[in-house]
Amino acid sequence: MRRSAAVVTVVAVLALAGCSAGEEKTAAEPCTSTVSAWDKFERLAQTPGRADSAVIQERVVVLDVVTAATSTAPDWMKTQLTGIQTDMSSFLASSATDDRTEAYRSTSDRFEKIREQCTADGNLS
């Protein structure tokens with residue numbers, strides 16, 4: 001009897017440790033909305049012959065989704081979302097190709113980190 005109580009206690013401690021503030025599980029909404037918006041933006045941006053105005057409009061949509069997700073996202077995701085906002089602002093502010101390339105790469109990397117964690121949390125497949 002003592003042994004099973006000890007096992008239950010250990011399992012409970014491990015389960016609670018996985019729910020600590022630093023390792024908050026992500027809710028489905030910020031995962032699906034941000035990753036979906038980014039995927040749509042990337043497909044459009046890489047489409048040959050697409051209009052620049054359409055890319056600009058879709059970039060605004062991505063930023064709106066990121067801003068909205070920031071209010072409900074766990075801390076780890078807020079860090080990525082804030083970085084995305086900074087990177088996209090840098091992209092828009094710079095005219096140097098290298099700077100814009102780096103800002104885009106950083107933005108993409110941050111979205112991939114979100115995708116990986118959301119998939120691990122079971123919110124994306």
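View 1. The side chains of Arg115 and Asp39 come together in a salt bridge, with 2.6 Å from N to O. This pair ties distant parts of the chain to each other: Arg115 belongs to helix α5 and Asp39 to helix α2, 76 residues apart. Keep in mind that what you see here is a predicted model. Is Asp39 buried, exposed or partly exposed? Its relative accessible area is 22%, so Asp39 falls into the partly exposed group. Arg115 has a relative accessibility of 23%, so Arg115 counts as partly exposed too.

View 2. Glu112 is partly exposed, its relative accessible area being 28%. Through shared partners, salt bridges join Asp39, Glu112 and Arg115 into one network.

**View 3. The whole chain, for orientation.** Of its 125 residues, 31% are buried. Take the contacts with a separation of 6 or more, and 68% of them involve residues 24 or more positions apart. The accessible surface of the chain is about 7900 Å², and carbon and sulfur atoms account for 57% of that.

**View 4. Inside the largest nonpolar core.** This core has 20 residues, and Val62, Leu81, Ile84 and Ile114 are the ones that touch the most other members. Which helices supply at least two residues each? They are α2 (28-45), α3 (52-70), α4 (75-93) and α5 (97-120). Now zoom in on Leu81. Setting aside neighbours within four places in sequence, Leu81 is in contact with Thr34, Val66, Ala69, Thr70, Ala73 and Ile114.

**View 5. Along helix α5.** How far apart are the end C-alpha atoms of α5? They are 34 Å apart, and that agrees with the 34 Å that 24 residues should span at 1.5 Å a residue. The buried residues here are Ala103, Ser106, Thr107, Ser108, Phe111, Ile114 and Cys118. The buried residues of α5 pack against α2, α3 and α4. Just past the end of α5, look for Gly122, which takes a positive phi of about 85 degrees.

**View 6. A buried arginine.** Arg59 lies in helix α3. Arg59 is buried but has no salt bridge. The nearest side chain of opposite charge is Asp52, 8.5 Å away, while a salt bridge needs the nitrogen within 4 Å of a carboxyl oxygen. What does Arg59 touch, then, not counting residues up to four places away in sequence? You'll find Phe41, Met88, Phe91 and Leu92 in touch with Arg59.

**View 7. Where Asp52 finds a partner.** Asp52 forms a salt bridge with Arg50, and their closest N and O atoms are 2.8 Å apart. Asp52 is exposed, with a relative accessible area of 52%. Arg50, at 31% relative accessibility, counts as partly exposed. How many salt bridges does the structure hold? There are 5, including the Arg50 and Asp52 pair shown here.

Methods:
Residues numbered from 1 in each chain as written. Predicted model: local features only at pLDDT ≥ 70, side-chain atom pairs only at ≥ 80, totals over all residues. Heavy atoms only, no water. Buried < 20%, exposed > 50% of the residue type's maximum accessible area, 1.4 Å probe, protein only. Contact = heavy atoms within 4.5 Å. Areas by Shrake-Rupley, 256 points an atom, 1.4 Å probe, with all protein chains shown as cover. Core = buried A, V, L, I, M, F, W, Y, C linked by side-chain atoms within 4.5 Å. Helix = DSSP H or I, 4+ residues; strand = E, 2+ residues; numbered from the N terminus. Expected span 1.5 Å × (residues − 1). Lys, Arg positive; Asp, Glu negative; His and termini not counted.
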